[in-house]
Amino acid sequence: MKTLFDKSSECEIHVTRGFDASRQRIWEMYTQAEHLKHWWGPEGWTLPVCELDFRLGGVWFYCMAGPDDMTSCGKATYLEIDPPRRLVYTDAFADADGRVLDSFPEAHITVEFSEDDGRTTVLSVVRYDTQEQRDQIVEMGAEAGIDQTLDRLEAYLESAG
């Protein structure tokens with residue numbers, strides 16, 4: 001596993017992953033629908049819905065399609081955009097019409113991009129209101145899903161050149 005997970009904080013998951021690409025290139029991967037649709041989601045999943053209004057207060061609505069006709073949608077709202085250093089947004093599970101599902105906790109996510117000698121480290125801090133909410137998401141397999149998603153980003157970077 002190339003992704004590092006730290007759950008030492010009660011309500012947070014810290015996710016760290018390095019990529020052999022410039023910070024600007026990784027920023028584009030996270031902020032442009034044309035790239036997100038190629039790598040967002042765990043192994044075996046696709047992103048047939050990827051509607052991105054990338055601006056402060058804008059919304060990213062996405063739906064993943066997985067094995068056995070499984071689907072999972074999300075709705076993210078951008079709270080802070082500081083290119084190419086920092087991205088802050090909320091992310092919630094949603095139905096196929098974009099309505100937020102109250103049965104799952106909303107995450108507050110801060111993503112920081114730092115570059116050293118052409119290699120970019122991405123640190124994502126995923127915060128929930130309570131430890132119980134964080135643990136609910138962890139028990140759903142979030143770590144494996146995140147790791148697989150970032151593996152797909154790495155593969156996409158290699159194939160996209």
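Me: Is phenylalanine 54 buried or exposed, or does it count as something in between?

Reply: Relative accessible area is read in classes, with buried meaning under 20%, exposed over 50% and partly exposed in between (1.4 Å probe, protein chains only). Phenylalanine 54 has 27% relative accessibility and therefore counts as partly exposed. Residues are numbered from 1 along each chain as its sequence is written, and side-chain values use heavy atoms, with hydrogens and water left out. The model is predicted, so local features need pLDDT of at least 70 and side-chain atom pairs count only at pLDDT 80 or more, whereas totals for chains, interfaces and linings use all residues.

Me: How many aromatic pairs does the structure hold, and how is such a pair described?

Reply: A pair of aromatic rings is described by the distance between the centres and the angle between the planes. Rings of Phe, Tyr and Trp (its six-membered ring) pair if their centres lie within 6.5 Å, and planes under 30 degrees apart count as stacked, over 60 as edge-to-face and the rest as tilted. The structure holds eleven aromatic pairs. In one of them, the ring centres of tryptophan 27 and phenylalanine 54 are 6.0 Å apart with the planes at 70°, so this pair is edge-to-face. The pair joins distant parts of the chain, 27 residues apart, since tryptophan 27 belongs to helix H1 (residues 23–31) while phenylalanine 54 lies in the loop between strand S3 (46–52) and strand S4 (59–65). Tryptophan 27, at 5% relative accessibility, counts as buried.

Me: What is the geometry of the rings of phenylalanine 93 and phenylalanine 104?

Reply: Their centres lie 4.6 Å apart and their planes meet at 35°, so the pair of phenylalanine 93 and phenylalanine 104 is tilted. This pair, too, links distant parts of the chain, with phenylalanine 93 in strand S6 (residues 86–94) and phenylalanine 104 eleven residues away in the loop between S6 and strand S7 (107–116). Phenylalanine 93 is partly exposed at a relative accessible area of 24%, and phenylalanine 104, at 28%, counts as partly exposed as well.

Me: Which residues form one aromatic cluster?

Reply: The cluster consists of Trp27, Tyr30, Trp39, Trp40, Phe54, Trp60, Tyr62, Tyr78, Tyr89 and Phe113.

Me: Where does threonine 149 lie, and with which residues is it in contact once its neighbours within four places in sequence are left aside?

Reply: Helices (H or I, at least four residues) and strands (E, at least two) are DSSP runs, numbered from the N terminus, and contact means heavy atoms within 4.5 Å. Threonine 149 sits in helix H4 (residues 142–160) and, at 9% relative accessibility, counts as buried. Beyond its neighbours within four places in sequence, threonine 149 is in contact with Trp39, Trp40, Gly41 and Pro42, two of which, Trp39 and Trp40, belong to the aromatic cluster.

Me: How is histidine 35 placed, and how far is it from leucine 157 in sequence and in space?

Reply: Histidine 35 is part of helix H2 (residues 33–39) and is buried, with a relative accessible area of 10%. Although histidine 35 and leucine 157 are 122 residues apart in sequence, their C-alpha atoms are 9.5 Å apart in space. With neighbours within four places in sequence set aside, the contacts of histidine 35 are Arg25, Glu28, Met29 and Tyr156.

Me: What should I look for in the backbone?

Reply: Most residues other than glycine have a negative phi, and most peptide bonds are trans. Here the peptide bond from proline 83 to proline 84 is cis, with omega near -15°, and proline 84 is found in the loop between strand S5 (71–82) and S6. Aspartate 69, not a glycine, has a positive phi of about 60°; aspartate 69 lies in the loop between S4 and S5 and, at 77% relative accessibility, counts as exposed. Aspartate 117 has a positive phi near 55° and is placed in the loop between S7 and strand S8 (119–127), where aspartate 117 is exposed with a relative accessible area of 77%.

Me: How many helices and strands are there, and in what order do the elements run?

Reply: The protein has four helices and eight strands, which run β-β-α-α-β-β-β-β-β-β-α-α from the N terminus on. Buried residues make up 43% of its 161 residues, and of the contacts with a separation of 6 or more, residues 24 or more positions apart account for 48%.
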